[in-house]
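Hi everyone, thanks for coming.

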Amino acid sequence: MEKIEHKMVPVNGLNMHIAELGKGPLVLFLHGFPELWYSWRHQILYMAVHGYRAVAPDLRGYGDTTGAPINDPTKFTIFHILGDIVGLLDAIAPNEDKVFVVGHDWGAYIAWLLCLYRPDKVKALVNLSVAFMPRTPTVQTFRALYGDDHYICRFQEPGDIEAEFAQIGVKRVVKKFLTFRTPGPFHFPKGKGFGDSPDAPIVLPSWLSEEDVNYYASKFEKNGFTGGVNYYRSIDINSELTAPWIGAQVKVPVKFIVGDLDLTYHIPGTKEYIHNGGFLKDVPLLEKVVVMEGAAHFINQEKAEEINKHIYDFFQKF
């Protein structure tokens with residue numbers, strides 16, 4: 001880990017923190033919630049050893065990236081974030097017409113739309129957990145499916161979930177999210193925390209150490225969760241902004257990987273879309289779908305070795 005270099009890059013009005021290692025074709029890693037560049041630590045080391053330049057930013061509102069107007073969720077739309085990504089690529093790889101991209105969770109959503117809007121920037125994509133969405137859903141979509149206690153619905157009121165997270169404690173919040181393995185929806189009833197005793201011990205899996213948790217917690221203790229939660233608060237705006245591209249195809253070579261215990265895989269209609277032709281219709285260069293047995297949402301950390309190999313094997317084709 002000490003080999004990984006850390007830099008600040010002025011991008012789109014931000015000072016964006018990136019972690020990077022290696023030389024060769026650039027692989028850009030995009031993280032989700034509640035994550036950081038650190039989520040890709042295993043992939044950075046692996047790809048650097050295997051002849052690639054691995055770069056993982058802290059996205060707008062996260063970690064050591066500064067300058068985002070945290071108290072204004074309207075500055076966290078997909079176009080703001082894609083502006084950051086395109087600006088970053090122009091700054092760190094001005095001589096590379098196209099780069100490899102890997103995304104997870106929100107990072108996967110960002111990667112899909114980067115490929116949709118700027119296919120000229122992407123050589124090939126490996127996306128984890130979140131399949132392409134023909135239309136960005138609204139908060140009401142999730143409320144109708146799962147009720148007001150669903151985490152996406154609970155994240156909407158500014159300051160509300162932040163106050164609850166503060167009461168629970170940052171480290172416990174990080175542990176509860178990263179160890180969530182239920183293939184159903186994630187509910188967060190108001191005032192009831194995660195539905196368990198606040199003193200109940202949380203047993204960490206073999207792939208997540210106390211040291212890992214401490215790194216995440218140190219950044220969220222410093223900056224709070226608002227930056228990350230703002231991505232959820234921009235969902236309805238994104239649904240409006242992305243409407244002109246309904247029916248457009250993602251024309252970039254793709255490998256998609258999801259765990260069979262991933263909550264996103266069990267959203268009603270998702271499995272049918274992935275496996276019954278809808279996904280391939282919208283992403284015609286989709287080369288492979290991998291469903292990993294016994295894996296949950298944070299698959300790039302839980303199944304790091306397998307994910308590393310999937311990424312490397314796919315990008316070697318190009």
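This is a predicted model: local features need pLDDT of at least 70, side-chain atom pairs count only at pLDDT 80 or more; totals for chains, interfaces and linings use all residues.

Residues are numbered from 1 along each chain as its sequence is written, and side-chain values use heavy atoms, with hydrogens and water left out.

So, the strands. β3 (residues 26-30) and β4 (residues 53-57) run parallel and share three bridges; two strands pair if DSSP finds at least two bridges between them. Strands here are DSSP runs of E with at least two residues, helices are runs of H or I with at least four, and both are numbered from the N terminus. β3 also pairs in parallel with β5 (residues 99-104), over four bridges, and there Leu 28 sits opposite Val 101.

Is β3 buried or exposed? Five of its five residues are buried, meaning under 20% relative accessible area with a 1.4 Å probe, protein chains only. Leu 26, Leu 28 and Leu 30 are on one side, with Val 27 and Phe 29 on the other.

Now the second largest pocket. Helix α6 (residues 160-168) gives the most to its lining, three residues. Among the lining residues are Glu 164, Arg 172, Lys 192 and Asp 196. A pocket is an open set of points on a 1 Å grid over the protein atoms alone, where a 1.4 Å probe fits, with protein on both sides within 12 Å along at least five of seven lines; lining residues have an atom within 4 Å of a point.

Technical notes: Buried means under 20% relative accessible area, exposed over 50%, partly exposed in between (1.4 Å probe, protein chains only).
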